[in-house]
Each structure stands twice: as C-alpha cells, then as structure tokens.
Amino acid sequence: MRYFGCSRMKRHRTLSSSDSSDESPSTSFTSGSMYRSKSKIQNEHKKSSEIFRKDLISAMKISDSHHVNPDSYYLFTDTWKEEWEKGVQVPDSLDTVPQPSLRIVAEKVKEVLFTRPRKYIRHSNSETTEPGYINITELAASLCRYDLDDMDIYWLQGLNEDLAEMGCGPVDENLMEKTIEVLERHCHENMNHAIKTEEGLGIEYDEDVICDVCRSPESEEGNDMVFCDKCNVCVHQACYGILKVPEGSWLCRSCVLGIQPQCLLCPKKGGAMKTTKTGTKWAHVSCALWIPEVSIGCPERMEPITKISHIPPSRWALVCNLCKLKTGACIQCSVKSCITAFHVTCAFEHSLEMKTILDEEDEVKFRSYCVKHSQNREKPGEAEYPLHRATEQSQAKSEKIGLRAQKLRELEEEFYTLVSVEDVATELGLPTLMVDFIYNYWTLKRKSNFNKPLLPPKEDEENGLVQPRETSINTRMRMFMHLRQDLERVRNLCYMIGRREKMKLSHNKIQEEIFSLQVQLLNQEMAAVDCPMTMSSIKIECILPGNCQLGESPIWEEASNSLLFVDIPAKKVCRWDSLSQQVQQVTVDAPVSSVAFRQSGGYVATIGTKFCALNWEDQSAIVLATVDKDKKNNRFNDGKVDPAGRYFAGTMAEETAPAVLERHQGSLYSLFPDHHVEKYFDQVDISNGLDWSLDHKIFYYIDSLSYSVDAFDYDLPTGKISNRRSVYKLEKEEQIPDGMCIDAEGKLWVACYNGGRVIRLDPETGKKLQTVKLPVDKTTSCCFGGKDYSEMYVTCARDGIDPEGLLRQPEGGGIFKITGLGVKGIPPYPYAG
C-alpha cells in the first residue's frame, strides 16, 4: 500500500493532547476550531492512543495499480530490527582479544585561541556556501604518504639517543615521515628530468616506428601513439585500450609486473600483450585480433583475451611456414586455394601482406597472405633477402632497447646522487645534520628494497601502471558469481572423489577376498594334479559357421559382452552378442578392413583408403582422413590402436586372387588423436598383424609376404618407430602370417593363413611355444575375449576355397572360440581422437 501527500489542500497544524507527549503533528482539512472541539470530546471518552483520525489515512489511500513517481513517496523500513534479527556477534573467548597499545608520536603544543568579535574578522578568500564543508581531496593531499614501519621506529629511537648525547633535540615520527617523503619526491622528479634530458635515456622516436598491434605508423587526435618506458614497445591508445594518456612515464602490462611472458598463440615473447581471464596466461593483442576464434572481453580496454578454448585442435596442429615451429595457433593464407600456415607475429616480422577491409555490412574482415601471394613481396628489390633484412632490423632494435635498459638500470642504482641534502633541509627548515642522518638511512633502506621507491605511486601514476579497477558493480558481482560457481564445482568434485575412493576401497577389499579364494582353489588343484596344460584341455568351438567371405580384425567389447569383426569384401562391420547369440551388422560403401573402439563413444574403422568414425546407431561413417590418394587400386588392411590412442593401419593393393596382388604398393600409417596422419614406411606387400609389448617399448608388425614377424623400437609419447628386425621366420607348413595379438605374459599369437592354425611365439627368444590347429585352413586373425579375456576368438575366410574344400571344411569362413589355453589376453586400447 502506498501513500502520498496532497499538495493542493492547505494543511492546518493544531495542538492536541498527543502534541505535548509525542510531538507528533496532526493534519486536518477542516478549520482549526472544529478540530479542537472534536479532540476534546474524544479525549474525554477514549484512551490517549485512539485519538488519531483514521479517515484521514483512508482519504490518502490509493490503489496498488496506480502509477506513482518514486519521488512522491517514502519507503520506511526498520533497519535496526533487520540487523537485530540477523543476530549479534559475540567474542568466543575474551582472553584472545588483543589489548590496545599506544605510543606518543609527538607532543602537541597547546594553542591559545585568539577570540575576536565576528565583525572584525575578514577572509581573503570567499567562504564556502555550505557550512561545515571539508575538502577531503585537499585534506588527503596534505597528509604524509609515508608510514614508518617497525624498523624505522627502532632506528629513530637510536637516532634520538645519539642526538640527545650530541645535545640536539629529538626527531619525532611525523618529521621523519615528512623527510622521507620529500626525499622520495626529489628523487622521482630528478630521475624523470634525467630520463627526458640525458641522451640515450629518453624514447628514441624513429621515423619508421609503427604500432605493435595494427602495424600502422599514423596517429590521430585522441588516438596517440604511446611508448613503454621499459620495453620501448609502441602502441596506439585504441589498439592497447589506453583510455587516457598518462602524464610522465607509462609501462605496458607485462612491464608493470616485471615479467616477459610467453604468448599462448605464437612462439614470440615481449610486445603488446594482455592477459586472459585467469590473469596468469598472456597473448599478443595482434594474435587475438587475427585469429578468428579468439575474442577480447572489453573492446575499450582491449582486455581480457577470451575464447582461446574455442580454437579447434586442427589450428593448434598447424606448423608455421616461416619459423617452422608447431607452437601456438597459426592463421592461413586468405587465398582459397592456398593452405600455407604462419603465426601472426611471424607474418609481421617477415613483412607479409596483412590488411583489414570493410565489407558491405560495415564489418571488419581480416585478410592475410603468405609469402607467395603477398603483393609487397613481388616488388623488385624486396624479394631477394627479406628474411635477412628483417633479422638485421630486429637485432638493431633489440640492441637499442638493451642499451637504454642498461642506462636506466645504472641510473636507478645511483638514485642517491639525484637528491641534495641541502635542498631538502631548506625545504623542510631543518638542520642539515639531522636531514643527513635521515638521508643516509633512506639510502640504505632503498638499496635493501632493490633500489625501488619506498612510496606507493600516486593515483594518476596508478592509473597508468596498474590494471584499471572495475568500476561496474555488475562486473564485480558477476566475478563473485563465477567464483561461487567454481567453488561449488570444487565442493561437488571433492565429494564425488571421496565417494569414488570409498567405493574403490570396498571394491578392492572384495577383489582381495576373491583373489584369496582363487589362490586357495589353484593351490588345491596344483596339489591334486601337478602336470602342465595339455592339448586335451583345449576346446575349439565354431560359434558362427560359414558367416564371412573374408573375416578380419576381431575385437572384444567388454561392456556389451560382444565380439566385433569385419567382412572385408562384404563391406560389413558385424557385432556378435555372446549372451543372445545374435549378430548385428552395419554395411558401408567400401571394403572395411578393421574396426576399433573410440574413447569418446562409437567406433573407428578403416574403409577403403579412409580412416572413418563409425556411428552404430544411425549406421553412418564420417571420414577423418584419407591416404594413398594417388593409388586408386589400394585399400586398407589390418589395423589396431596403440596404448597412446593412435590408430595404426597399413594398406595393400587389391587382390586379383587370395594372396595374389601387385607387390610393394602398400604403406604403414597412423591416425593421431588430432586426426592428422603420419606415414612410417612404404614398399609393403600385405600390411597385416600388429601389436605392442606389455611395456609399450616394442612394436610388432607383419608384412605377410615377407613370411616374418618383425619388431621395432617404439617411442610411446611420439609414436616413432626405429630399428626394424625379425623375431620369427615362419616355417613352410605354417604358410602365410596374418593377424596377431599378444597375451598377458607378453607372448605373441599369430594366425596362419592357409596354415589352419594359430601359433604362440616368444618374441624375446624367437622360438615357437605352442600350436593350436583349427578345422579350417584360411585362418585370418585372432584376439582374446570373454569375461576375463581367457577365451580366444579366431576369424577365417571362405573366399578361395573350392567346392571340394568346402565339403571337407564346411565351417570355412566361420568364427571360432578356443578355451583352455591357460593364458589370458589384455583389453584392447581405444582411439583417443
């Protein structure tokens, strides 16, 4: 309910019984005599608390829907009650409350006030119209900016003792603070004068100087060029977000903090840089402007640099064509047919053509061109040695900056020579001896502070040196909101981690109990029968008879208890459910030779000559990379993911008949998580089985027509291979080596095409340990699976078997399960891209 006063009606104030007690005014729209008579009558029959007329309040009442200007009414709140309801803070332990301490700084002389009648007093300046007005700015300027610390007070006590012995008066704390302030001011003024007048210390204005951000040498009114007094970088006001050109010295953001940070987006250090939202990472303003995904939070202040996380991995993976470094994020040539990449700062350093244009909608478009397409590279006389000339210019500039920095450092080290004790004593009206004592102490203390000033910068200097304060309450509230959200995330994360660790602990205890029981059973079995595993304990079972033309790449999916494999000529990826015994399949548009898991969900496969991402739900395949574009008759064959998440696969020529093809046409490739492909070697006949040792230091590989299992030294962080050698040569009856896997003991299992068997090898000794024969000849690949990876699954081929052979081996092209091997396998690795 809202109330307001009616200004058109005349108010009459009359006295009542309440006036004498509460001093509360009463209002009436009738005559005064009439009101007084009514008050007397009411006062006779009613209590004193009921003498107020309620009809006047009702007359002032308006509807809630009526619009009232905020200036027309008052909002009354009981702030004392609100604060009381919040509760009262009481010290928990009164003994811990520190006791107040005081000391006499200086004895204040009692002043005798001279009083004279007001009419005899005259002022030379006009008094303020507001009585009691105090100019806080002038009062603050008159106060001393230096405060003594404990060391100063201790030294001052010793000085006063020495002065007392010398017969001199003591120095109070206020006087010492004032003296140190004057010393600092004289030092600051004389140092600025020396920087402006002495040769080599001032800013050397080069005719060819350009803005470090926009690379333009021109300036205009309101957008002057400003030089950093430390690193000599030159920027426009608008380009670096300088709202006001500071008087005196100016330092860029990095020089204020005294650091030379590394740019996130290029390999260069120094220059016009700003921080990201975190305040700990830096980037060049020019890099932030030219890289399309990066943005700047406040265009007026040109900070902070945001959206660096929006840069795609493909841009981070680019290699600069100028500096040959894969650091930061590069941009590319604006010519559509050109994909040359280069850093923004490298392009500026090599004088490439970088320009901005306005399109039809008045939007700024950035255009950058490589060395080949830059117009300024085509001018005669400039295309011969541009890199050498740019290097000489940068060296000359760095030498000039280094010489100035050295002179400034020397000037800062000899700061005490810039102050005259006599001038300070004259200004303060103090004895020279007393000022000389304080001068020597000030010199020592400033040297202990690494020659840095003892006084904080003034407000106008702060605006030029320190990052601007947030003036908007909304910005601060938004920052606190983000901080609260981050703290809430941390709390939730800590809770979930604690819960996970408790579950892991209970799970480990259960596993430990299970392990103990299993050890007991094994001990009982070993005690009962002390004999090695024999072929009689091995069981071979065909789980899918005659299913594949050319089955390959079996892989066990533990989450769904399923076996994945491919049928290369049928262009199918199949999934057999071990629980329901059902087979699902996805058909693609080219021969599919291998399949693997993807860490982000779904699968990856090699289809034709392409690495693809396979979505089982909508049966779609997305191309990630393509190889052997110049060999139309090639296709991928076997593939597998390494422990670091890279997808290895090799190519071969299309077969005219099983194992009959054009030789030396294949290569071995690897698809990295950022989708770039690396080629290891070529001249491969039929790229086939591949796997890695348990310590990830050896890579095993099979080129089928070499009839050998080879090994390479393997560097897991980089994926590099080297030192190729043979660990096993197949015998005649074993025929052609095909797919391969490794067990938990580090031994290799190789499927022998046309040999109808799977052999177990020791790669360290090069000896065959075991042979498992199958009822079919064309075994193609193998893998471990099952609940604890104790079962082996073997794929076979049906193509190439004549009708007589099919009668002899009707299960050709089927999928076989082998149990009782006495060893277990390891889970497959997922692709990390």
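Select L265 to begin. L265 touches A283, C287, A288, I291, V294, I308, I311, W316, T327, G328, A329 and H343, leaving aside residues up to four places away in sequence. Contact here means heavy atoms within 4.5 Å.

This is a predicted model, where local features need pLDDT of at least 70 and side-chain atom pairs count only at pLDDT 80 or more, while totals for chains, interfaces and linings use all residues. Residues are numbered from 1 along each chain as its sequence is written, and side-chain values use heavy atoms, with hydrogens and water left out.

**The cores**

L265 and F342 touch the most other members of the largest nonpolar core, which has 51 residues. Such a core is a set of buried Ala, Val, Leu, Ile, Met, Phe, Trp, Tyr and Cys residues joined through side-chain atoms within 4.5 Å. Buried means under 20% relative accessible area, exposed over 50%, and partly exposed in between (1.4 Å probe, protein chains only).

Now colour the elements that each supply at least two residues of this core: β1 (225–227), β2 (234–236), α8 (237–240), β4 (282–284), α10 (285–290), β8 (341–342) and α12 (344–349). Helices (H or I, at least four residues) and strands (E, at least two) are DSSP runs, numbered from the N terminus.

Next, pick Y146, M434, Y441 and L455. They are among the 30 residues of a second, separate core.

**Helix α15 and its partners**

Show α6 (residues 150–165) with α15 (residues 432–448). Their axes come within 12 Å and cross at roughly 150°. Axes are lines fitted to C-alpha atoms, for helices over the stretch in contact, and angles run from 0 to 180 degrees between N-to-C directions. The two helices are therefore roughly antiparallel, a label for angles over 145 degrees. The α6–α15 crossing is right-handed: the near helix is turned clockwise from the far one by less than a right angle.

Select the contact residues. From α6 come M151, D152, W155, L159 and L163; from α15 come F437, I438, Y441 and K445. The contact has 7 nonpolar residues, no polar and 2 charged. Ala, Val, Leu, Ile, Met, Phe, Trp, Tyr, Cys and Pro count as nonpolar, Asp, Glu, Lys and Arg as charged, and the others, Gly among them, as polar.

Keep α15 and bring in α7 (residues 173–197). The two pack at about 65°, with axes 10 Å apart. This crossing is right-handed too. On the α7 side, find L175, M176, T179, I180, L183, E184 and C187; they meet M434, V435, I438, Y439, Y441, W442 and R446 of α15. That contact splits into 11 nonpolar, 1 polar and 2 charged residues.

**Backbone stops**

Go to P304 in strand β6 (residues 303–306). The peptide bond from E303 to P304 is cis, with omega near -10°.

Jump to N561, in the loop between β12 (551–557) and β13 (562–567). N561 is not a glycine, yet its phi is positive, about 55°. N561 has 28% relative accessibility, so it counts as partly exposed.

Then select Q581, between β14 (572–577) and β15 (583–587) in a loop. Phi of Q581 is also positive, near 60°. Q581 is partly exposed, at 44% relative accessibility.

Find P658 in the loop between β21 (647–653) and β22 (666–671). What does P658 touch? Its partners are Y753, D799 and G800, not counting residues up to four places away in sequence. P658 and D799 are 141 residues apart along the chain, with C-alpha atoms separated by 7.5 Å.

**Zoom out**

Show the whole chain. It has 18 helices and 34 strands. Buried residues make up 37% of its 833 residues.

Technical notes:
Angles under 35 degrees count as roughly parallel, over 145 as roughly antiparallel, 65 to 115 as roughly perpendicular and the rest as oblique.
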